[in-house]
Amino acid sequence: MSDTSPAAPVVLDVWCELQCPDCRTALADVLALRERYGDRLELRLRHFPLEKHKHSFAAAQAAEEAAVQGRGWPYVEAVLGRVEELDGNGEPFLVRIAGELGLDAEEFDTALIDGRHILVVDADQAEGKAIGVTGTPTYVIDGRRLDGGKSQEGLRERIEEIVDRLLAEQRSA
């Protein structure tokens, strides 16, 4: 009996901070990768809030609540697209975005108050530090860390090379 199940997607961990202008810039690359590979590439948001951005920890928790409510990436995209509003308005902005996306904004507010997602954010941050993440965005694919915090130049192409190679290896296996 042959196994006809589809190959597991290639995993790309995207270490991100939702108050980071560099992450906003990198969003175009993330969207292009999603467009190119579809379900053959699993984009995993990993949180790495930076102390210099006072709303980043709350934003990471809010992104987790959005994921629980089934709209993780749309929420991340909406927040990153409006970093200046997050800078100026903090948690009320995070709750407002949830409402704009049709999510349960009241539940968002409660999640930010009760801290139900703090452990996930803390675990991501600890893992990031353990593997050498120092800034955002940082990508990890096939055991390689690619730092986008200094420059986005050529990163998407490098990620595409790795994904293409891994997908080709899966096909020939």
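A residue is called buried when its relative accessible area is under 20%, exposed when this area is over 50%, and partly exposed in between, with a 1.4 Å probe and protein chains only. By this rule, buried residues make up 46% of the 173 residues in the chain.

The structure is a predicted model, in which local features need pLDDT of at least 70 and side-chain atom pairs count only at pLDDT 80 or more, while totals for chains, interfaces and linings use all residues. Residues are numbered from 1 along each chain as its sequence is written, and side-chain values use heavy atoms, with hydrogens and water left out.

## Overall form

The chain has 8 helices and 4 strands, where helices (H or I, at least four residues) and strands (E, at least two) are DSSP runs numbered from the N terminus. Read along the sequence, these elements follow the pattern β-α-β-α-α-α-α-α-α-β-β-α. The C-alpha trace spans about 50 × 40 × 25 Å along its principal axes. For 173 residues, a compact globule would have a radius of gyration near 16 Å, and the 17 Å of this chain agrees with that; the radius is taken over C-alpha atoms, and the globule rule is 2.2 Å times the number of residues to the power 0.38.

A contact is counted when heavy atoms lie within 4.5 Å. Among contacts between residues at least 6 apart in sequence, 69% join residues at least 24 apart. The chain exposes about 8900 Å², of which carbon and sulfur atoms supply 51%, with accessible areas computed by the Shrake-Rupley method with a 1.4 Å probe and, for residues, only the protein chains shown counting as cover.

## Strand 1 and its partners

Strand 1, which covers residues 10–16, is mostly covered, since 6 of its 7 residues are buried. Two strands are said to pair if DSSP finds at least two bridges between them. Strand 1 pairs with strand 2 (residues 41–47) in the parallel sense over 7 bridges, and in this pairing Cys 16 stands opposite His 47 of strand 2. The chain crosses from strand 1 through helix 1 (residues 21–37) to strand 2 in a β-α-β crossover that is right-handed, a term used if, with the strands pointing away from the viewer, the path from the first strand over the helix to the second runs clockwise. Strand 1 also pairs with strand 3, here in the antiparallel sense and over 4 bridges, and Val 14 stands opposite Tyr 139 in strand 3.

## Salt bridges

Side chains of opposite charge can pair when their charged atoms come close. A salt bridge is counted here when a side-chain nitrogen of Lys or Arg lies within 4 Å of a carboxyl oxygen of Asp or Glu, and a search of the whole structure finds 21 salt bridges. Three of these pairs are set out below.

| Pair | N to O distance |
|---|---|
| Glu 100 and Arg 82 | 2.7 Å |
| Arg 165 and Asp 142 | 2.7 Å |
| Arg 158 and Glu 161 | 3.0 Å |

The side chains of Glu 100 and Arg 82 meet in a salt bridge, and this pair links distant parts of the chain, with Glu 100 in helix 5 (residues 91–100) and Arg 82, 18 residues apart from it, in the loop between helix 3 (72–80) and helix 4 (83–89). Glu 100 is partly exposed at 48% relative accessibility, and Arg 82 is partly exposed at 24%.

Arg 165 and Asp 142 likewise meet in a salt bridge and link distant parts of the chain, 23 residues apart, with Arg 165 in helix 8 (residues 155–172) and Asp 142 in the loop between strand 3 (138–141) and strand 4 (144–147). Arg 165 is partly exposed at 31% relative accessible area, as is Asp 142 at 38%.

Arg 158 and Glu 161 are separated by about one helical turn, because they are 3 residues apart in helix 8. Arg 158 counts as partly exposed at 31% relative accessibility, and Glu 161 counts as partly exposed at 47%. Salt bridges that share partners also join Asp 13, Arg 44, Arg 46, Asp 124 and Glu 127 into one network.

## Two individual residues

Gln 61 has its place in helix 2 (residues 56–68) and counts as buried at 6% relative accessibility. Leaving aside residues up to four places away in sequence, Gln 61 touches Ala 111, Leu 112, Gly 115, His 117, Ile 118 and Val 121.

Asp 147 lies in strand 4 and is partly exposed, with a relative accessible area of 28%. The C-alpha atoms of Asp 147 and Gly 135 are separated by 7.6 Å, although the two residues are 12 residues apart along the chain. Not counting residues up to four places away in sequence, Asp 147 touches Pro 137, Thr 138 and Leu 155.
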